[in-house]
Amino acid sequence: MAENQLAAKQTSTVAQVKKLLAEENYKQKFQDVLGQKAPQFMATIVNVVTASNKLKKCDPNSIMAAAFVAASFDLPIDSNLGFSALVPYDKSVQDSSGKWHKVSLAQFQMMYKGFIQLAIRSGQYEKMNCSEVYEDELVSYNPITGECEFVTDFRSCAHRMSGETDKIVGYYAWFRLKSGFTKELFMSKSEIVNHATKYSQAYKYDLNYNKESSKWSTDFDAMAKKTVIKLLLSKWGILSVDMQKAIVDDQKTYDENGEGSYGDNQPVIETAEDPFENRNIEEDMPDFLKEPAKEDYEEIDITA
């Protein structure tokens, strides 16, 4: 009986998504941002939801809202392509009686190819790349200066060619602007894991209970590449309006009014510390007098 109810609910979700896509206001919204590509993109939404049992459990309005964010960046939502994805997320909510229960919502998530694509469109970048780094490819890494040294002859490196993923020691991203400015970022595998466990509740849950509910668990490599390219671009790159918006919108869930909020992942907020700051006075100040922190949204959890 329970299985039949679940199947009915999943079928209902797909049917509701199709019904929403048939409404003129949704057709017009996608037409406005995608033009002639709108019908194909809308068909992809149905295909993506139909192919994912987890998305079939999500609120249809959150699916549509997340898909529209992807459309606004003109990025495909098939996660296999690596540009962006609709990712299910379980959120605890309190009903009118005070009881807590979980609802499944769809998040919009950028993927590493999506960030690269937006950077290319900006016209500011001459070259860029991100990659996993194998043990026999890395000569040295200075965490203070951020400089890396790799072998010069990769023909002698066997780990990558033989697909020994257990020999991956870190992840690397690099770009060169048309002005000639270059910047690189290397993060060791342990740094990536620490980052994921700090900012992804789903991944922390997976590690604690030996589950695979997070994209970090099912596709660690893609998540790690997204982490280094997103952090590199957000800290050192020239950000177009679309790139700025993508960094902010990444991994938000949206309600039927288009209001976005972070679920599993919270944005990292970095503030410069004043060595002369009187911390006791600051702590005693009312909130409306305190200076708001400058937000620098960084990586947290990609794809599904």
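**Exercise 1. Find what share of the chain is buried, and how many helices and strands there are.**

*Step 1.* Start with burial: of the 304 residues in the chain, 41% are buried. Here buried means under 20% relative accessible area, exposed means over 50%, and partly exposed lies in between (1.4 Å probe, protein chains only).

*Step 2.* Keep in mind what you are looking at: this is a predicted model, in which local features need pLDDT of at least 70, side-chain atom pairs count only at pLDDT 80 or more, and totals for chains, interfaces and linings use all residues. Residues are numbered from 1 along each chain as its sequence is written, and side-chain values use heavy atoms, with hydrogens and water left out.

*Step 3.* Now the elements: the chain has 11 helices and 9 strands. They are DSSP runs numbered from the N terminus, with helices being H or I of at least four residues and strands E of at least two.

*Step 4.* Finally, look at the contacts in the chain with a separation of 6 or more: 66% of them are between residues 24 or more positions apart. A contact means heavy atoms within 4.5 Å.

**Exercise 2. Describe how helix α2 packs on helix α4.**

*Step 1.* Two packed helices are described by the angle between their axes and the distance between the axes.

*Step 2.* Helix α2 spans residues 24–34 and helix α4 spans residues 60–72; their axes come within 10 Å and cross at roughly 20°. Axes are lines fitted to C-alpha atoms, for helices over the stretch in contact, and angles run from 0 to 180 degrees between N-to-C directions.

*Step 3.* That angle makes α2 roughly parallel to α4. The classes are: under 35 degrees roughly parallel, over 145 roughly antiparallel, 65 to 115 roughly perpendicular, and the rest oblique.

*Step 4.* The α2 and α4 crossing is left-handed. A crossing has this hand if the near helix is turned anticlockwise from the far one by less than a right angle, and is right-handed if clockwise.

*Step 5.* Who makes the contact? From α2 come Y26, K29, F30, V33 and L34, and from α4 come N61, M64, A67, F68 and A71. By class, this contact of α2 with α4 holds 8 nonpolar, 1 polar and 1 charged residues. Ala, Val, Leu, Ile, Met, Phe, Trp, Tyr, Cys and Pro count as nonpolar, Asp, Glu, Lys and Arg as charged, and the others, Gly among them, as polar.

**Exercise 3. Work out which residues of helix α7 are buried, and what follows the helix.**

*Step 1.* In α7 (residues 201–209), the buried residues are A202, Y203 and D206. They line one face of the helix, because they fall within an arc of 100° seen down the axis of α7. The arc is that of the directions from the helix axis to the C-beta atoms.

*Step 2.* Those buried residues of α7 pack against α6 (189–199), α8 (215–218) and α9 (220–236).

*Step 3.* On the face turned away from the buried side, α7 carries the exposed residues N208 and Y209.

*Step 4.* Next comes N210, which follows α7 and sits in the loop between α7 and α8. N210 has a positive phi of about 55° although it is not a glycine. With 72% relative accessibility, N210 is exposed.

**Exercise 4. Is H159 buried or exposed, and which residues does H159 touch?**

*Step 1.* Locate H159 in the loop between β5 (147–150) and β6 (168–177).

*Step 2.* Its relative accessible area is 14%, so H159 is buried.

*Step 3.* Not counting residues up to four places away in sequence, H159 touches Y134, E135, D136, E164 and K167.
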